Amino acid sequence: MTPASWRPKTADIPDAAGVYMFRDSDGRVLYVGKAKSLKHRVPNYFGTDLHPRTSSMVTAASSVEWITTANEVEALQLEVTLIKQHQGRFNVRYRDDKSYPYLTISLSEQVPRVMVTRGKKRKGDLYYGPYSHAYAIRETLDLLLRVFPVRSCSAGVFKRAKAAKRPCLLYDIGRCSAPCVGHVSPEQHDALVEQFRDFMDGDHVAVLADLQARMAAASENLEFEQAARVRDQIGAVRRVIERQLMVTEKPENIDAIAFTGDELEASIQTFFVKGGRMVGRKGYIVDRVEDLDDASLLSSFIERLYSEDITIPNTVLVPLLPSDHDVLEAWLTMLRGSRVVIRVPKKGDKLRFLETVTQNAKDAFAQMRLKRSGDFDSRSRALTDLQEYLDLPEAPLRIECFDISNLGPTDVVGSMVVFEDALPKKSDYRKFKVATVDGQDDFASMQEVIRRRFARFFEVDPLEAKARFAYRPGLVVVDGGKGQLSSAIKAMADAGVVDIPIVALAKRLEEVFLPGESAPRIIPRGSEALYLLQRVRDEAHRFAVGYQRTQRVKKMTLSELDAVEGIGTVRRQALLKHFGAAKRVREATPTELAQVNGIGPEMARKIHTMLQGNQRGNEGSDR
């Protein structure tokens, strides 16, 4: 379908602010954009002399739709939401260049704790950072716990100490106030947490003044040991303050953003300043799949950055004003609840600070170009080469790979992993528990898994938000040789799917088998295409083995529980409900087991003895 055949009439497009979406023939969103006037913006995509990437997007699309909004700020909010939801292939993609650590206060817990975390954030918790190095923030946390002895232990340690009515080593070395055993009341511990927060928010003067007063009072009362402890705490606070780079003389909250790159990629660095001192940084790698100039790229990044759960500062420093910066300022002001300014520093400390951020972006970009897996050009080349080597009608932008894992004739499971644009898309991964095959039969198991996957192909509306099974893969890969390939082909044919390319990748010699060909297809060793197939196959194997192990542990633990005299269905369900997983039942102590409703101390000891005895027996047999 050519763009001319589905191009909307200009007269039908509203002259209003809003968001527009291009979709492909399967209904998937390819690109989300916003406009001050949809009537003036959308027709530009059907003109001449388009950028190659824009032209590719319009060629791949088969329809465009739009949603009008009251103003540009609402259009920006809606665009951010839709980009997060659909992750269009032709929207700029931002990837963390590493998983930076945060200093976290778990306010979501009844007894809050402080810890160093990475990855996904949890609603209700408070995060400081991100920091460039985990060791640096761990040293800082150790110093602060000397001053603010807040809980820092895991949930398991806290629960065991509470049950045993005995605090752990952290209390003995003065790094915890032991709320687990009531050495401080919940209100006193909350006050310590609040003091910790004040310090992290930059209120250093008040903290030092309070410690100085406490040291003077202890000296006047001739409590010299207490005065010495407070003196050491003051030293710890000052060492933490010295570690934080002073950026401005005033206690300002500032984010500084800088970037560098070329037509295909960019590296963006953001440094965070609280109370005039630098408290963290974060870097992103950008695949510039969208045709954006520097001002538009910066605007897109600011949208992405502050759509996350992140504190919004008073001032955002940038090397140039982003496009629609007045709309961005209005949006940020609305999110923060007070005035936010985006500006380009011209002189002084702020300019020098932004130059430092820019240099970090340049250094990160140089390192990024050396990383093969993050190279957009190499991924594009891998897909193009794969199309050529396998005689595919088009580059396989979505690859699905299937593997079977078993332990003898039992616990047979299958996995489906998905790569889009040569990168894993874990939200579309699927697990299968093989149900119709008796014994160890990889061919029949593969046939069942493929049949179940493609049975959903025609049943699900591709426009549904979570209709992952309705997506059409550009290539199906099965782990194995000719036998697995034949089984997969039969299963697809039974499901009515005959026009999706499929291959098998055998482990021993990395041979690629195609339907109807007796000899394997040769893909050069060391090529990007073979490297991509290997990554997809290895990921499917890893995912299948992980699921199979989970099933085996669950089955072993449940059967062992059934062997304990006095354990019936009710008690077994109570154990699983309390611990959440069979593996945690195995790891639990007698004290923890006794806390389950219907499990007394004597029964807890019997369960623990049985499970631990079986565990040692299994370990011995493995050896």
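**Close-up 1. E528 and its salt bridge to R381.** E528 is buried, with a relative accessible area of 13%; buried means under 20% relative accessible area, exposed over 50%, and partly exposed in between (1.4 Å probe, protein chains only). The side chain of E528 meets that of R381 in a salt bridge at 3.8 Å, N to O. Because E528 lies in helix α17 (residues 528-562) and R381 in helix α14, the pair ties together parts that are 147 residues apart in sequence. R381 is partly exposed, its relative accessible area being 35%. A salt bridge is a side-chain nitrogen of Lys or Arg within 4 Å of a carboxyl oxygen of Asp or Glu. Helices (H or I, at least four residues) and strands (E, at least two) are DSSP runs, numbered from the N terminus. This is a predicted model, in which local features need pLDDT of at least 70 and side-chain atom pairs count only at pLDDT 80 or more, while totals for chains, interfaces and linings use all residues. Residues are numbered from 1 along each chain as its sequence is written, and side-chain values use heavy atoms, with hydrogens and water left out.

**Close-up 2. Other salt bridges.** The structure holds 26 salt bridges. In one of them, the side chains of D538 and R537 meet at 2.8 Å, N to O. D538 is partly exposed, with a relative accessible area of 40%, whereas R537 counts as buried at 3% relative accessibility. Salt bridges that share partners also join R398, E400, E420, K425, D428 and R453 into one network. D24 forms a salt bridge with R28, and the closest N and O atoms of this pair are 3.5 Å apart. At 11% relative accessibility, D24 counts as buried.

**Close-up 3. Helix α15.** Helix α15 covers residues 442-455 and has 14 residues. From its first C-alpha to its last, α15 reaches 20 Å, close to the 20 Å expected at 1.5 Å a residue; the expected span is 1.5 Å times one less than the number of residues. The buried residues of α15 are S445, M446, Q447, E448, V449, I450, R453 and F454. Among them, R453 also belongs to the salt-bridge network with R398, E400, E420, K425 and D428.

Close-up 4. Most residues other than glycine have a negative phi. D391 is not a glycine, yet has a positive phi of about 55°. D391 lies in the loop between α14 (376-389) and β13 (398-407) and counts as exposed at 57% relative accessibility. A422, also not a glycine, has a positive phi of about 65°. The loop that holds A422 runs between β14 (410-420) and β15 (423-424). At 3% relative accessibility, A422 counts as buried.

**Close-up 5. L332 in helix α12.** L332 lies in helix α12, residues 325-336. With 0% relative accessibility, L332 counts as buried. L332 and I312 are 20 residues apart in sequence, and their C-alpha atoms are 7.3 Å apart in space.

**Close-up 6. A negative surface patch.** E187, D190, E194 and D198 form a negative surface patch. Such a patch is made of residues with over 30% relative accessible area and no salt bridge, like charges being joined within 9 Å. Asp and Glu count as negative, and the place of a charge is taken as CG of Asp or CD of Glu. E194 lies in helix α8, residues 186-200. At 39% relative accessibility, E194 counts as partly exposed.

Definitions and conventions
Patches are made of residues with over 30% relative accessible area and no salt bridge: like charges are joined within 9 Å, nonpolar side chains (Val, Leu, Ile, Met, Phe, Trp, Tyr) within 5 Å. Accessible areas come from the Shrake-Rupley method with a 1.4 Å probe; for residues, only the protein chains shown count as cover.
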